[in-house]
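Colleague: I have a structure to discuss with you, and I would like to know what stands behind each label you use. Could you take me through it?

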Amino acid sequence: MTRPQGSAARELGLKRGEFDLAVRLGRIRTVAARDGGRRRVSREEIERIRDTEGFPEALREQVRVVGTAEGAHLMEIPPTRFTRLARAGLLIPAKFYLNRYRTVVWLYLAEELREFAESELHAPLLTGRAPDKMRARLSAGEDLRPRRWRARHAGYLLGQCGDPWDRAAAMATLLDPTQLPDLVENPYERAYLHRLRPEESWYGAPESPTARVVERILIADDPNEISWLRANLLLSLSEARRLRPAPRPTTRESAPAPEFEPVAPSVPEPRPAAVEPVRGLWGRLLGRRG
């Protein structure tokens, strides 16, 4: 027996934003819906969480996020130092939102900030002079916050994948769409990957000003990151082809071509694959310090 995510959030005493973040962090496991709709939460998972020691306060604390000012106060450092550490990629954003001026506001897990501040390894970064290499990169305008958030987000996307086609589609969401024709020459495969792209309706309507800002965060822009994504897309695609070929339409008029590929033949809507967690694919990228 499964429950819709909204009902599960109420049973667990979480606000919707807290629930969504808990799912993205892997604190709440979801399962594929039989009808192919929004993923659901099993009764067993709800009971598992409710039986956890300290519930519900402990769960709420695990997903509590703070901004720069509160995060700096929590770590007992000036906000300017907090921002430098975050831009250097040492503090990983858990989520973000756009304020009324469409400025990106980054939010961080309070739990992770406390752990960072309590580590003796990080003590020099909290009180002393920053390393020269880090100072030089920050002076040059480097900001690793989007890249570090993408690594965390990619871990969530890959965790929802059921087979190599899903993994390839997840990789494609983080690459500039103009790169795909060079990586995936077969138009049927490109159309299929487009169909399998994870839904990202949480950042606004397509082509809206908000969506355009968020898309700049979603798309990888670092050369090393792009190379890693391209390589893993090709590896997943090679495995996917051995599993099954991309479906082809029975008639040319069966469906419109996807917007990003105006000449690609249309394909029927695929059935969602069974989902099982995928681990380790982003360990290398997530562990990078820029």
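**What the labels rest on**

Modeller: Gladly. Among contacts in the protein between residues at least 6 apart in sequence, 72% join residues at least 24 apart; contact here means heavy atoms within 4.5 Å. Please keep in mind that this is a predicted model, where local features need pLDDT of at least 70 and side-chain atom pairs count only at pLDDT 80 or more, while totals for chains, interfaces and linings use all residues. Residues are numbered from 1 along each chain as its sequence is written, and side-chain values use heavy atoms, with hydrogens and water left out.

Colleague: How many helices and strands are there in the protein, and what makes a run count as one?

Modeller: There are 16 helices and five strands.

Colleague: Why is Ala220 called buried?

Modeller: Buried means under 20% relative accessible area, exposed means over 50%, and partly exposed lies in between (1.4 Å probe, protein chains only). Ala220 has a relative accessible area of 7%, so the residue is buried. Its place is in the loop between helix H14 (209-218) and H15. Leaving aside neighbours within four places in sequence, Ala220 is in contact with Arg150, Leu174, Glu225, Ile226 and Leu229. Of these, Leu174 is 46 residues away in sequence and 5.7 Å away in space, C-alpha to C-alpha. For the protein, 44% of the 290 residues count as buried.

Colleague: And what makes Leu243 partly exposed?

Modeller: Leu243 has 48% relative accessibility, so it counts as partly exposed. This residue lies in helix H15 and, leaving aside neighbours within four places in sequence, is in contact with Asp163 and Pro164.

Colleague: What makes a group of residues a nonpolar core?

Modeller: The members are buried Ala, Val, Leu, Ile, Met, Phe, Trp, Tyr and Cys residues joined through side-chain atoms within 4.5 Å. The largest such core has 44 residues, of which Leu12, Phe19, Ile28, Trp165, Leu229 and Leu233 touch the most other members. Elements that give two or more residues to this core include helix H1 (5-11), helix H2 (16-24), helix H11 (164-173) and helix H15 (223-243). Apart from it lies another core, of 27 residues, among them Phe82, Leu91, Ala130 and Leu218.

Colleague: Which residues does Leu12 contact, leaving aside its neighbours within four places in sequence?

Modeller: Those are Phe19, Ile28, Ile46, Ile49, Arg50, Phe55 and Pro56. Phe19 is also one of the buried residues of H2, along with Leu21, Ala22 and Val23. What covers these buried residues of H2 includes H1, strand S2 (41-42) and H10.

Colleague: How do you know that Asp163 and Arg244 form a salt bridge?

Modeller: A salt bridge needs a side-chain nitrogen of Lys or Arg within 4 Å of a carboxyl oxygen of Asp or Glu. For Asp163 and Arg244 the N to O distance is 3.0 Å, and their side chains meet in a salt bridge. The pair links distant parts of the chain, with Asp163 in the loop between H10 and H11, and Arg244 in the loop between H15 and helix H16 (283-286), 81 residues apart. Asp163, at 8% relative accessibility, counts as buried, whereas Arg244 is partly exposed at 30%.

Colleague: What are the N to O distances in other salt bridges, such as Arg167 with Glu239 and Arg64 with Glu61?

Modeller: The closest N and O atoms of Arg167 and Glu239 are 3.2 Å apart. Arg167 is in helix H11 and Glu239 in helix H15, 72 residues apart. For Arg64 and Glu61 the distance is 3.4 Å. Arg3, Glu11, Arg43 and Glu47 are linked in a network of salt bridges, and the whole structure has 21 salt bridges.

Colleague: Which residues bring H5 and H7 together?

Modeller: Gly71, Leu74 and Met75 in H5 meet Ala110, Leu113, Arg114, Phe116 and Ala117 in H7. By class, this contact has six nonpolar, one polar and one charged residues. Ala, Val, Leu, Ile, Met, Phe, Trp, Tyr, Cys and Pro count as nonpolar, Asp, Glu, Lys and Arg as charged, and the others, Gly among them, as polar.

Definitions and conventions
Helices (H or I, at least four residues) and strands (E, at least two) are DSSP runs, numbered from the N terminus.
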